[in-house]
Amino acid sequence: HCLPRRQGFAMNTLSTRGQAPVVTLSQAIAAGLAPDGGLYMPDRWPTFSVKDFAGTRSLPDVALRLLQPFFADEVIAPALPAICNAALAIDPPLARFGAPNDYLLELFHGPTAAFKDYAAGFLAGCLSALPQGDKPLTIVVATSGDTGAAVAAAFHNRPGFRVAILYPDGRVSPRQAHQLGCFGDNVRAFKVDGSFDDCQALAKTLLTDAAFRAQLPLGSANSISLGRLLRQAAYYAHAALSHQRATGNVLNFVIPTGNLGNALACLLAKRMGLPIGQLVLASNANTVLPDFFAGGDYHPKPSVATLANAMDVGAPSNFERLQYLYPDTETLRHTLRAEAVSDAQIRAAIVRTRDERGHVVCPHTACAADVLDRLRARGEPGDWAIVATAHPAKFPEVVEPLVQHTIAAPPALAAMFARPSGAERLANDAAA
């Protein structure tokens, strides 16, 4: 997918559909979605060795080293060190997970207690470093629960930006819904009469409407944004490097996934040479990905509601990027594995993880815990980390009856729950 470099060292970015003009990385981050409806990808990928990260210890240090080749000669480049330092500079803990060689990568230590905080803060910093137009940039974000709050927190009262959150009415947890509607000011939350896939389709319709965008500048903060993916690759790089330095071993990952952004970020870090081993996707009862990786055709289907609601996705956007990277289906199937986890298995995994591993996890993380238990039962060797995507306090109605005690919310989360909250109803219609 290589094209000639522009002047300097900056990368070109291309649409996965090949029908849109080549743009700079900064332009791709600002646009979110390509005008042909495709997703932006760099025309080439830097390759690293572990030695390239000598002297880096913190997540901001690793992120800067990893991302500098992407932003070289870009307008964002001078601000990149400050953006990496400001965008949630919390090193995510890689905790022991109750058994030898098992680990838990805790990505829930941000302001909204979900992994999306890492990427949202970075994206906000990147967009703020770009030249501002006469009109504010409206960030349109579809959310299945966690993305919207993270984006709202990152852009709340940030000059030059507005946020419009689209979420499926009745299909996020009560605490997630409260978070989405508690910001106000330059953030508006809309509860859509439909599923997350409907919200995602509405966002894409707006972002590809050239006439509408001419009237109202729009950007995206979903995992369709290349800026989000690059930042997420950095915390996998940091975890893998830290683990190899401590143990000498490569780290494998089980990743809860819905829209495939978090898992794709890990795969990209591996492709760039970081010491990452196998990747297994943990889905809920929405089995589009497990069905495909088991040998079936890729068939998006209407999503079904589950306990792990942030993964209730029937048409994962980032599958298009996977197909772009691996046009040969069999190669793709040899690159990743995927397993489905039912609601009953989620409940059982939450109890089992507390009893046998000493951790209380959210329903999404429980999907990964269940899959790890399956891998170990089959005799899978090596060092494995499951990815904890959200704090269990965001899902008390699911978790607390199972573990039979109250889950204390982190201070930042508790402060959000104390604010008033409200959302506007919106028809499942692009014109609305």
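Reader: What makes the pairing of the side chains of S303 and D197 a polar contact?

Author: In this predicted model, the side chains of S303 and D197 are joined at 3.3 Å, and since the definition asks for N or O atoms within 3.5 Å, one able to donate a hydrogen and the other to accept it, the pair counts as a polar contact. The side chain of S303 also makes a polar contact with the side chain of R171, at 3.4 Å.

Reader: Why is S303 called buried?

Author: Its relative accessibility is 10%, and buried means under 20%, so S303 counts as buried. S303 lies in the loop between α11 and α12, and, leaving aside neighbours within four places in sequence, its contacts include S195, N286 and D312.

Reader: How do you know that the span of helix α15 agrees with its number of residues?

Author: The expected span is 1.5 Å times one less than the number of residues, which for the 15 residues of α15 (residues 363-377) gives 21 Å, and because the end C-alpha atoms are 21 Å apart, the two values agree. Of these residues, 13 are buried, so that α15 is mostly covered.

Reader: What makes β4 and β12 edge strands?

Author: The open, mixed sheet has six strands in the order β4-β5-β13-β10-β11-β12, and β4 and β12 each have a single partner strand, so one side of each is left without a neighbour in the sheet. For β4, three bridges join it to the antiparallel strand β5, where Y103 is the bridge partner of R96.

How values were computed:
Residues are numbered from 1 along each chain as its sequence is written. This is a predicted model: local features need pLDDT of at least 70, side-chain atom pairs count only at pLDDT 80 or more; totals for chains, interfaces and linings use all residues. Side-chain values use heavy atoms; hydrogens and water are left out. Helices (H or I, at least four residues) and strands (E, at least two) are DSSP runs, numbered from the N terminus. Buried means under 20% relative accessible area, exposed over 50%, partly exposed in between (1.4 Å probe, protein chains only). Two strands pair if DSSP finds at least two bridges between them. Contact means heavy atoms within 4.5 Å.
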